[in-house]
Amino acid sequence: MPRVLLIEDDRAVREGVALALRRQGHEVTAVETGEDGLERVPSFRPDVVVLDLMLPGMPGLDVCRAMRALDQTLPIIMATARGDDEDIVVGLEAGADDYVVKPVQARVLQARIRAVLRRSAGAAEGGIPKLDTYGDLTVDRAGLSVSRNGTPVSLAPSELRLLLTLSASPGQVFSRQQLLEAVWEHSYHGDARLVDACVKRLRAKLGEPPRDPRHIQTVRGFGYRFAAR
C-alpha cells in the first residue's frame, strides 16, 4: 500500500484529498504545516509527498528543499494555486518532481502519484546493458544507480529517469514533448518547464558546467541529447 504524506493548510482540501487517496488504496498521513510534515518523514517513511506551495509558517519551497536534503530520492509532487510559470519553475528547481495546479481533481492527482511511483521504481528495460560508462560517468541500469568518478550521485526519480532515457540512445535528439511522455508520462503540450528544470538540476548534480555541459547537451530549437564522451 503506497504511503502518501499530504501537506496542505486548507482543512477542507486536506480532508477531501486524503479521503479520495485512501479510497484509492493509499495509506495517507495529512498535516497542515511544513514543519509537521518534516517531522513525520522519518517515522511515516512516505513513498511520495504531495506538498502545497502556499503554507503557513515555513514556506512550501523551503519545505521542499529541506526534504530534498533529507532524502534525494523521495518523490515530491508540488500543489500550487498559482499557474504562473515563474512560481512553478522555482518549485521544480527547488527539487519537486512534478506539480499540479489547484483545484486539482482526485483522479488527476492519483495519475500523477502513480506515474511518479513508477519513475521511482524505475524498472530497467530489457535488452539494455546492465552497466554503462561514459567518461567519468557510470550508469548502472539494473541497480538504478549513478556514479561520477567512482562517487555515487543521488538523484530524484525524475532526474534518474531522465538520465536513463537520454543515455540509452547517445546522440539521439529528444524533443521536450518526447521527454515529457517518456519520463513524466504527460501526453499534453505546455510543460516544457518540467523538462528544463529537471535538466538544470541533473546537470548540477553531475557537475556539468552550465555553459558547456559534457553529457546533457542542449540542441537549440529541438531539445536535448546525451553525449557519450
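**Ground rules.** I number residues from 1 along each chain as its sequence is written. The model is predicted, so local features need pLDDT of at least 70 and side-chain atom pairs count only at pLDDT 80 or more, while totals for chains, interfaces and linings use all residues; side-chain values use heavy atoms, with hydrogens and water left out.

**Entry 1, cores.** I looked up the largest nonpolar core and found 47 residues in it. A nonpolar core here is a set of buried Ala, Val, Leu, Ile, Met, Phe, Trp, Tyr and Cys residues joined through side-chain atoms within 4.5 Å. Buried means under 20% relative accessible area, exposed over 50%, partly exposed in between (1.4 Å probe, protein chains only). I7, M67 and L163 have the most contacts inside this core. Helix α8 (residues 192-205) gives the most to it, six residues. Helices (H or I, at least four residues) and strands (E, at least two) are DSSP runs, numbered from the N terminus. Another core lies apart, with 14 residues, including L21, V50, L109 and I113.

Is Q110 buried or exposed? I find Q110 buried, at 6% relative accessible area. Q110 sits in helix α5 (residues 106-121). With neighbours within four places in sequence left aside, Q110 touches L21, Q24 and H26.

I traced an open sheet of three strands, in the order β10-β12-β11, with antiparallel pairing. Two strands pair if DSSP finds at least two bridges between them. β10 (174-175) and β11 (216-219) are the edge strands, each pairing on one side only. β11 and β12 (residues 223-226) pair over four bridges. Q217 stands opposite R225 in β12. I also see α8 lying across β11 and β12, at about 145° to β11.

At what angle do helix α6 and helix α7 pack? I get about 120° for α6 (residues 157-167) and α7 (residues 176-184), with axes 9 Å apart. Axes are lines fitted to C-alpha atoms, for helices over the stretch in contact, and angles run from 0 to 180 degrees between N-to-C directions. That makes α6 oblique to α7. Angles under 35 degrees count as roughly parallel, over 145 as roughly antiparallel, 65 to 115 as roughly perpendicular and the rest as oblique. S158, R161, L162, T165 and L166 of α6 meet L179, A182, V183 and W184 of α7.

Key:
Contact means heavy atoms within 4.5 Å.
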